[in-house]
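Open the model in your viewer and keep the selection tool at hand. The tour below goes from stop to stop.

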Amino acid sequence: MNRRGFLALGSGALLTLAGCASSDEPGSTTLGALPTVAPDKNTVLRVGVSTTQAQLAAEPSLGPLPFSATWVRLNGGPETIQGFRAGAVDLAANAGMPPIQAHDIGVDAKIVAISHNTAVNYIPTTRPGSDIRTAKDVVGKKIAFSQGQAQGVTILKWLKENGISYKDVTLVPLPSSQFLTALQGKQVDLAPLTEPSLTKYLKQYERDGARTLPTDVQDLLSLLWAPASVLADDRKAAAIQAFIPLWVKGNNWSWENPEEWIDSYYVKDQGVTKDAGERIVKSRKKPLYPTDWDSSIAWEQSIADLMAGAGFVRKFDVSVLFDRRFEHIAAQAAPAEYRGQA
């Protein structure tokens, strides 16, 4: 079995999608100029951006939305792709990897807004009792790997930057939601963890030999994306165009008001403790909205090439993932101190 088929077995959602992928080439949809029609309350947009939903609830002055939103709860890239394919989601927020995965399985969707995230969010973390102390010690070990999510990309980049081939380790296909329990149960030797799970895990298992390994690997892109069929609908495209500045304002508000954001989102919406929320917020970096997408496209291409070189996706030109009609909207909505490249 090839690596693409093997990794599909790690996610039922992705296996289902791959089995019924369209024969149409993603990126083939022709989109015209941005619509001049104004969105209205008769336009319904099914939005999978939980952060903006919480920000608008916590700070109503950020709104209102000029269209009708149906908010959809999504748990990562695989669920977003499934929602796009089923016609149940019109707009979602993810990292850079899900659009690459979507393209590979025949889902035509486009990136419409970008924020650069310069934080190092995913930290290689060992299981209890592990003898791994340096990156070189992972050779021959089992590493948790989620192909369609940012965690998978960051592990491949981390291995490459430490001169280790993915062939020298065993990549265990798991959704990122199972990484913590896989470490606890010693089903894997290493997994990339993020806050608040990381601190909580180390408090419990550091005395038993669990530890983190150094990394400077970023997951650069935070983005909004939508199915091409949605973007071909003038009223829905207009609603997305109106949503992007609200997304920017909401992100910036949460950066500038961390205590309110911890309480309204992490505690009340996500159900984590205040301490955990504080750890998550502390790990963040100020969002930056690029005034042009050239560096974002180059970064996305490097990720796609890395995945293709390892046999996880087909090689392709990632420029087809970007709807450059929307290129300047996010940056234009941001104050000058939030504009720029990472």
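Helices (H or I, at least four residues) and strands (E, at least two) are DSSP runs, numbered from the N terminus. This is a predicted model, in which local features need pLDDT of at least 70 and side-chain atom pairs count only at pLDDT 80 or more, while totals for chains, interfaces and linings use all residues. Residues are numbered from 1 along each chain as its sequence is written, and side-chain values use heavy atoms, leaving out hydrogens and water.

Select Y122, P124, T154, I155, W158, P192, T215 and V217, which line the largest cavity. A cavity is a set of points on a 1 Å grid over the protein atoms alone where a 1.4 Å probe fits but cannot get out, and lining residues have an atom within 4 Å of a point. The volume of the largest cavity is about 40 Å³, where a volume is the space filled by probe spheres set on the points, joined across faces, edges and corners. Helix α6 (residues 150–161) gives the most to this lining, with three residues.

Next, select helix α3 (residues 50–58) and helix α10 (residues 234–256), which pack at about 70 degrees with axes 9 Å apart. Axes are lines fitted to C-alpha atoms, for helices over the stretch in contact, and angles run from 0 to 180 degrees between N-to-C directions. α3 and α10 are therefore roughly perpendicular (65 to 115 degrees). In α3, T52, Q55 and A58 meet residues of α10 including F243 and W247; contact means heavy atoms within 4.5 Å.

Note on methods
Parallel < 35°, antiparallel > 145°, perpendicular 65-115°, else oblique. 1 Å grid on protein atoms, 1.4 Å probe; cavity = no way out; pocket = protein on both sides within 12 Å on 5 of 7 lines; lining within 4 Å.
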